[in-house]
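Here is a short report on one protein chain. It takes confidence first, then strands, a helix, rings and a loop residue.

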Amino acid sequence: MAKEQQKQFHHRASLTQKNKPFKRRFATKNSLRDKSKGRTQRASIKGKVLRKHSRLDRRHALRVEQHKKREQIALSARLFSGRHRTPKVVAVIPLCADTDVSAIVRSLYQCVDEQYPENAQRTCKLLDVARFKQTIQFVEVGRNLLDILDAAKVADYLITGMSADVEVDAFGEQCLKAIQNQGHAGVFPIVQGMESVVPKRRNDVKKSLQSFIAYFFPDADKVFTTESDNESLAILRIITAQVPKKIKWRRERPYILADNVEFQPSAEDPQVGRLALTGYLRGGNLSANRLVHLPNFGDFQIDTIYHVPVALEAARGNAIEEDDNPIEIDQPNAELQDSLVEANEPDQTNNEQTWPEDEEMGEWKEQMEKMEEEERKIASGGVSGERVVRVPKGTSSYQAAWILANEEESESGSEASDYSDDDDEEGDMMDESVSGESDEEEDEEDEQEYQEFRVDEDGKIVDGDENASNAGEAEDDDEQGLLSAEENATQLRAYLKEREKQNRDDLQFPDEVDTPLEVPARTRFARYRGMQSFRTSPWDPYENLPLDYGRIFQFENLRHTQKRVLRMTDDAPAKAGMHVRIILSAVPAKAAATFSPNRPFVAFGLMQHEHQMSVVHFTISRNEEYMAPVRSKDPMVIHFGFRRYNVHPLFSQHTQGGSSTNNVHKFERFLRHGAVSVATIYAPIQFGTVPVSMYLPTPAPAVDADTSSPAMPTLVGTGTSLEVNPSRILAKRIMLTGAPFKINKRGAVIRYMFFNPEDVNWFKPIQIRTKHGRVGHIMESLGTHGYMKCVFDGPMKQMDTICMNLYKRVFPKWNTSLWSEYEQDSVQRVQWDGPVNDQSSAEEAMEL
């Protein structure tokens, strides 16, 4: 006991056991041999050498960065000052129906004792502010959304005119949303008509308008007025003192706001000629080897670029052939000039050629024999070729012949054409299911709405039925077949209701498709495949490509090409800030005829390769105010940066956190609310990130709304350009579903997914899953009615649903075209114009 009492408990010096590390570097035979011989190997340095920077080094680096930024700001400020300064572009935009933009600009002229040019023949009005040694170029824009967007694209500042008496209407809010998505450098809100407001309420009116404008432009922290010269002078002082902020998407791109436009027709064709644009070059530098884009008209080549000093421009006219001694600064190089060819011409002879097999040759021989036999019957004058054609009542013989031709074409098609690679084939099945309830009613009305004709082999009406055809033609003359306004409204309501039902079904049962009974599933879904993992399963992006992919262009490395193209603009002869005259060749005369002093005329320079077509993707988010369903391939008008197109986009999921391993993305039938989707189209290449706005081509149909309200452009969604990538795979998913018939723990007998054993064996290798999370495989087919035995990774439930996912790649259609304002009808053009109040009626209302 005494010995035990003498022992005391104590902790170890260290609680962690440290083992000797394994020196693998010296464990191999070669390393031991090298060590014994005294050799030393130098370890390779991977990546950057990490060196500790002292405090002085960090200070020096920050000072260098600060010096660079100050030089950039000084260079930007120097552009708007000096003897040959460039004027700042200020666009004046009316947001209210009674806003007078001329009155706003007139007050700014009067505050510096300058005379306002009443009868100006040019779009822009120059104001030389001698007190601040700067020049301002005002652009007065009317109530037209296209003009407002074009002016905002080239403006350094925006002046939004509001009224103290009239609220900003829906058209004004539409303009603010479009400008907000497009980007702006700075906004100055100005209120008119404050003298008509009681002095006690003026501050409340200003606060209300300030709160309204801050919702769209948070940087606009003050609302200005032009009641006195001091307030107008304060606006000019702020505009001249600031340096305009650069908008990223137009920073490296040359653009010009034309002061004057001259046209010289060619001797061969007076409808085409040379167009001279005179104005200040802004943004990036311009080379004569690049193309120039004119909104509504397309891309054109440059003939010559002249530097026109301002003094010469003010003293003489702008005719192309006048000898006003402009300085020629650049002409295109025939070898380096960009071509106007936008797409390749695919050579179909380069496709894989295979010799037909004996079975295929036998089938063709049988078809040829049948065709020869029919020709012999026709030549012998037989009447065996006569048939009865069932056509709607009132159909003439000419129309009946066309219906016969269409029927023959549809009947002669193969199974592959019957189940073609159409992107909306499942949508058509949904339509059939929707209309299935009314099939019986349609069958009862067929006898009253249709009549029968006897037609010979040539599609001619037999003599006995000519009277019936003549009677039908008479009925056509009496009733032109036009629907009344009430019938049109009824059909429109039914169409919108059907689309809304399809949208709800797709939300509740996404991608679910019923297996057809009359067609084998292996034939109906022959173009589909199964994937074990949607994100990692391999999919070759160059297999089974459509013919349109032979017309597009693809880059080996888009980022390197973009950097190289941007570096080329630094060496262009025409520098930003010059007053230049750009002469374009092969321009239609209609482009010069559209020039008006009341509308801005803008042009944008393209970079190399931006005229060529490729597969372009851009993100899109739905406008929450537009509630109607938007389906893939619906016609849309997109404002893609500085260009506008008619498109039919395909929508797909936007993968969060980067692209998947196999670059496969799920196709979406509808554009969803509250989610960001990716739209895919064929379009010219666009470098950089540009804003995108998507509108309906015609105003949204107002079924229950007041038809007297003015039609406005319907904004569907906004977004930005994503990438130019033809290898992005859009996989359309369909889901075949079945129900459990018998369950035995992990095993189950499934029915209603297929209806014959051949289909079960065909789709046997594909993995199946349940809506409750179980994963399994098909073991074998049972019976002759499509029952199958399956095994899963866990116990099954009777209420569960078995699903099989099949995928097919879909491609956009080659239907992208340039959108032109002057090719639209009256209804489509009127939607871009906002309501305007008569000034005389507005003054009378103020007096009352």
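## Terms and confidence

Two strands pair if DSSP finds at least two bridges between them. Histidine 293 stands opposite aspartate 299 in strand 11 in this sense. The model is predicted.

The mean pLDDT of the protein chain is 80. Of its residues, 76% reach 70 or more. Among the elements, strand 10 (residues 291–294) has the highest mean pLDDT, at 96. Helix 13 (residues 415–418) has the lowest, at 40. Over residues 404–421 pLDDT stays under 50, and the model has 19 contacts beyond four places in sequence for them. Residues 840–848 also stay under 50. For that stretch the model has two contacts beyond four places in sequence.

## Strand 11 and its partners

Strand 11 covers residues 298–307. Seven of its 10 residues are buried, so the strand is largely enclosed by the rest of the structure. Strand 10 joins strand 11 through four bridges, and the two run antiparallel. They form a hairpin with three residues between the strands. In the turn, asparagine 296 has a positive phi of about 80°.

Strand 16 (residues 579–588) is another antiparallel partner of strand 11, with five bridges. Here isoleucine 305 has isoleucine 582 as its bridge partner in strand 16. Strand 12 (residues 327–330) pairs with strand 11 over three bridges, again in the antiparallel sense. Tyrosine 306 has glutamate 328 as its bridge partner in strand 12.

Is strand 3 (residues 134–140) enclosed or open? Seven of its seven residues are buried, so the rest of the structure largely encloses it. Both faces are covered. Gln134, Ile136, Phe138 and Glu140 are buried on one side, and Thr135, Gln137 and Val139 on the other.

Strand 1 (residues 88–94) pairs with strand 3 in the parallel sense, over five bridges. Lysine 88 has isoleucine 136 as its bridge partner in strand 3. The charged end of lysine 88 sits over the ring of phenylalanine 80, 5.5 Å from the ring centre. Strand 2 (residues 124–129) runs antiparallel to strand 3, and six bridges join them. Cysteine 124 stands opposite valine 139 in strand 3. Strand 2 and strand 3 form a hairpin with four residues between the strands, and lysine 133 takes a positive phi near 60°.

## Helix 5

Helix 5 spans residues 145–154. It is mostly covered: 10 of its 10 residues are buried. At the start of helix 5, a side-chain oxygen of asparagine 144 comes to within 3.0 Å of the backbone nitrogen of leucine 146.

## Aromatic rings

How many aromatic pairs does a search of the whole structure find? The search finds 21. Phenylalanine 741 counts as partly exposed, at 36% relative accessibility. Tyrosine 787 is partly exposed too, with a relative accessible area of 23%.

Tryptophan 819 and tryptophan 832 have ring centres 5.7 Å apart and planes at 65°, so this pair is edge-to-face. Tryptophan 819 lies in the loop between strand 32 (817–818) and helix 22 (826–830), and tryptophan 832 in the loop between helix 22 and helix 23 (839–847), so the pair ties together parts 13 residues apart in sequence. Both tryptophan 819 and tryptophan 832 are buried. Elsewhere, ring pairs link Tyr549, Tyr682, Phe811 and Trp814 into a cluster. The charged end of arginine 529 sits over the ring of tryptophan 539, 4.0 Å from the ring centre.

## Methionine 796

Methionine 796 is in the loop between strand 30 (787–792) and strand 31 (802–810). Why does methionine 796 count as buried? Its relative accessible area is 10%, and buried means under 20%.

Beyond its neighbours within four places in sequence, methionine 796 is in contact with Ile743, Lys745, Ala748, Thr770, Arg774 and Ile802. The C-alpha atoms of methionine 796 and asparagine 744 are separated by 8.0 Å. Along the chain, these two residues are 52 residues apart.

Terms used: Residues are numbered from 1 along each chain as its sequence is written. Side-chain values use heavy atoms; hydrogens and water are left out. Buried means under 20% relative accessible area, exposed over 50%, partly exposed in between (1.4 Å probe, protein chains only). Contact means heavy atoms within 4.5 Å. A polar contact is a pair of N or O atoms within 3.5 Å; within protein, one must be able to donate a hydrogen and the other to accept it, and residues adjacent in sequence count only if both atoms are side-chain atoms. pLDDT is the predictor's confidence in each residue, from 0 to 100. Rings of Phe, Tyr and Trp (its six-membered ring) pair if their centres lie within 6.5 Å; planes under 30 degrees apart count as stacked, over 60 as edge-to-face and the rest as tilted. A charge sits over a ring if NZ of Lys or CZ of Arg is within 6 Å of the ring centre and within 35 degrees of the ring normal.
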